Amino acid sequence: MTNREIARTLDRIADILQLKEENSFKVRAYRMAANTIYNLDEDIKVYYEKNQIAEIPGIGKTVSANIIEMLEKGSSEYYQTLTEDIPEGLLDMLLLPGMGHKTVKLIYDHLGINNREDLLKAAQEQQIRKIPGLGAKTEYNIIKGMELINQNRGKATLGLSLPMAIEFRNYLADCPQVVQASIVGSVRRGKSIVGDIDILLSGYDFAAIKSWVIAYRGIKDLNRNEMDSIGGQLDYRINFEVILVHPDSYYTALVWTTGSKSFRDQIFTGVDPSALIGLHSEETVMQKLGLDYIPPEMRENTGEIELARQGTLPVLVSRQDVKGDLHIHSDWSDGGSSIQQIAESCRQMGYAYMAITDHSKSLPISGGLNEERLAAQGVVIDEINARLNDIKVLKGIEVDVLKNGELDFSDDTLNKLDIVIASIHSHFRLDKEQQTERIIQAIKNPQVNIIGHLTGRLLNRRGPYEVDLPRILEAAAKHNVALEINSHPDRLDIDDFTARKVKDYGVKVAINSDAHHYNDLYMVDYGILTARRGWLEAEDIINCWDLPRLLTFLKE
DNA sequence: GCCGTTTTCGGCCCGACTGTTTTCAGTCG
């Protein structure tokens, strides 16, 4: 089992223990162990071979034995035993907003409900309110929550599907009969939510390749096996399709299978794709069609084809353009790494600068900083800056926007910092007018440089709060405040649609990782994909600018 | 369940809001 799979199982053990109302510290121990394994730098098997699993901080004898069993047998007997008491469907119910462990268990005990579909039915039939302690609002929240989930039924976040797609592709590329292999479809286009994982393979011996595909250990179900394609389900119920072509038509097939349906219908109109054989790159395929090369993220038929015909496509931002990360949490609040460790990782990523932006005091669970600790952190950052000469650590904060639009710190305190991100972490349910006013209030504050995760959405979990986007964009332009593309794959907020609009208003963007561990810094890749889907160029993004220019922007 | 030690047990564990209540348990960031 991989680190990710082990972490997931440990997390599920924690959930079941919590449902069973076991000692909350025991729950926490499993939760922390899951987190540790997830963030581990190395493959857990390396520790296993050295017999060092129990030496990982937070992992003791019991959990280590559990992990070893998972590595050796591919499953955990402890987990299996636990699911005899607590059906796994309860874990799905937990994913609904407002449904915690106590509520899920209460409903299970009273009505025997152990899956989301039955839960929805019970809510619609007003059965939930009959349970002591629960009422109509709970039913309403269940119905609303299920609407959100059903909207994206069977779809997975890019954060889940992209790593799985890469792993699958790499496995397939190892097949001796495979000549070329590529991720295609919506994953390659970088959509934040995808319906399935599509892989294109080329080769001559389809039968041999197909046997190799079928042998993949990640496949949970195989439901289609045709001459030139195989389909089924991977882990997490994610659908997949593997498409086989002859090497001569690989690049044409790459264009065909990557584009949205609308895109390929448009560009292949009147053209027989099978006539486009023997080409050696996507560029030449597009050339034959009279187009400049259109990057995968743009292939949605929303105007890019016309630009490609005219030769006026934008030059999209890429990883090499990004010069720093402006939203990072350290162990001074709820992050898991020291500033020193983060600085070292940022240096290795080739960044010229980075900002430490921990939470402010009104978020106590996150260990939010008060004025004193913020000042103390500043001293530490000064020391680090004195030691490092090839990267600049900026002093920042992710300051909470309070209900009335005021900030959690005084202007004086904020003025001492290099960079201020203002974010909402509470009162998600204000109406559109109030929420918009609240954010504009924050934008107007001269200390604020960036608005963090504008709509608060959590993909597949929590919808965005409603805001009047044009008004916010106008205010941001007027007060020289950038909007964040929060790169966490559960957020990707602002989304590609909004990113596409900012240029019209003259608003700048910051692509930030919001990393809580140095291993999460790479998440910026998801943000870059979203920015590319929003047609953004390096010029539009403040952390693609060199440090002097960035500092000028921050001071304005 | 993990950890650390004044070392084999006792501590770990915040606070505001929500929904259901009528004094508070549960959720969530």
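## Domains, cores and salt bridges of a predicted model

At 8% relative accessibility, Asp 540 counts as buried. Asp 540 pairs with Lys 503, and the closest N and O atoms of the two are 3.2 Å apart. The pair joins distant parts of the chain: Lys 503 sits in helix H22 (residues 496-505), whereas Asp 540 sits in the loop between helix H23 (524-533) and helix H24 (547-555), 37 residues apart. Lys 503, at 34% relative accessibility, counts as partly exposed.

### Domains and their interface

The domain assignment of chain A gives domain 1 (3-151), domain 2 (156-310) and domain 3 (319-555). The centres of domain 2 and domain 3, taken over C-alpha atoms, are separated by 35 Å. To the contact between them, domain 2 brings 19 residues and domain 3 brings 12 residues. The area buried between domain 2 and domain 3 is about 1300 Å², and carbon and sulfur atoms give 60% of it. Of the area that domain 2 buries against domain 3, 35% is supplied by Thr 157, Ser 192 and Glu 297, more than by any other three residues.

Charged and polar groups also take part. Across the interface of domain 2 and domain 3 there are 2 salt bridges, and 4 residue pairs are in polar contact. On the side of domain 2 that touches domain 3, the elements giving two or more residues are strand S1 (156-157), H10 and helix H16 (304-310). H10 gives the most to that side, with 4 residues.

Glu 297 also forms a salt bridge with Arg 532, with the closest N and O atoms 2.8 Å apart.

### Leu 158 in helix H10

Leu 158 lies in helix H10 (residues 158-173). Where does Leu 158 stand, buried or exposed? Leu 158 is buried because its relative accessible area is 0%, and buried means under 20%. Residues up to four places away in sequence aside, Leu 158 touches Pro 163, Val 187, Gly 190, Lys 191, Ser 192, Val 194, Tyr 526 and Leu 529. Leu 158 and Asp 490 are 332 residues apart in sequence, yet their C-alpha atoms are 8.3 Å apart in space.

In soluble globular proteins, nonpolar side chains tend to be buried together. In this model the largest nonpolar core has 59 residues, and those with the most contacts inside it are Met 354, Ile 397, Ile 439 and Ile 451. Helix H21 (residues 469-478) gives the most to this core, with 5 residues. A second, separate core has 46 residues and includes Ile 16, Ile 67, Ile 113 and Ala 123.

Apart from neighbours within four places in sequence, Ile 439 is in contact with Ile 424, Ile 451, Leu 454, Tyr 465, Val 467 and Ile 472.

### His 101 in helix H7

His 101 is placed in helix H7 (residues 101-111). With 16% relative accessibility, His 101 counts as buried. The side chain of His 101 makes polar contacts with the side chain of Asp 15 (2.8 Å) and with the side chain of Gln 18 (3.2 Å). Beyond its neighbours within four places in sequence, His 101 is in contact with Asp 15, Gln 18, Leu 19, Arg 31 and Leu 94.

### Salt bridges

Side chains of opposite charge can pair when their charged atoms come close. The whole structure holds 32 salt bridges. Several of them are set out here.

| Pair | N to O distance |
|---|---|
| Lys 395 and Asp 382 | 3.0 Å |
| Glu 437 and Arg 471 | 2.7 Å |
| Lys 503 and Asp 540 | 3.2 Å |
| Arg 532 and Glu 297 | 2.8 Å |

Glu 437 lies in helix H20 (residues 432-444) and Arg 471 in helix H21, so their pair ties together parts that are 34 residues apart in sequence. Glu 437 is partly exposed, with a relative accessible area of 31%, and Arg 471 counts as partly exposed at 27% relative accessibility.

The salt bridge of Lys 395 and Asp 382 links strand S10 (residues 392-400), which holds Lys 395, to helix H18 (residues 371-387), which holds Asp 382; the two residues are 13 residues apart. Asp 382 is partly exposed, with a relative accessible area of 42%.

Key: Residues numbered from 1 in each chain as written. Chains lettered and ligands numbered in written order. Predicted model: local features only at pLDDT ≥ 70, side-chain atom pairs only at ≥ 80, totals over all residues. Heavy atoms only, no water. Buried < 20%, exposed > 50% of the residue type's maximum accessible area, 1.4 Å probe, protein only. Contact = heavy atoms within 4.5 Å. Core = buried A, V, L, I, M, F, W, Y, C linked by side-chain atoms within 4.5 Å. Domains from an automatic or database assignment. Buried area = accessible area lost by both parts, 1.4 Å probe. Salt bridge = Lys/Arg side-chain N within 4 Å of Asp/Glu carboxyl O. Polar contact = N/O pair within 3.5 Å; in protein donor to acceptor, adjacent residues only side chain to side chain.
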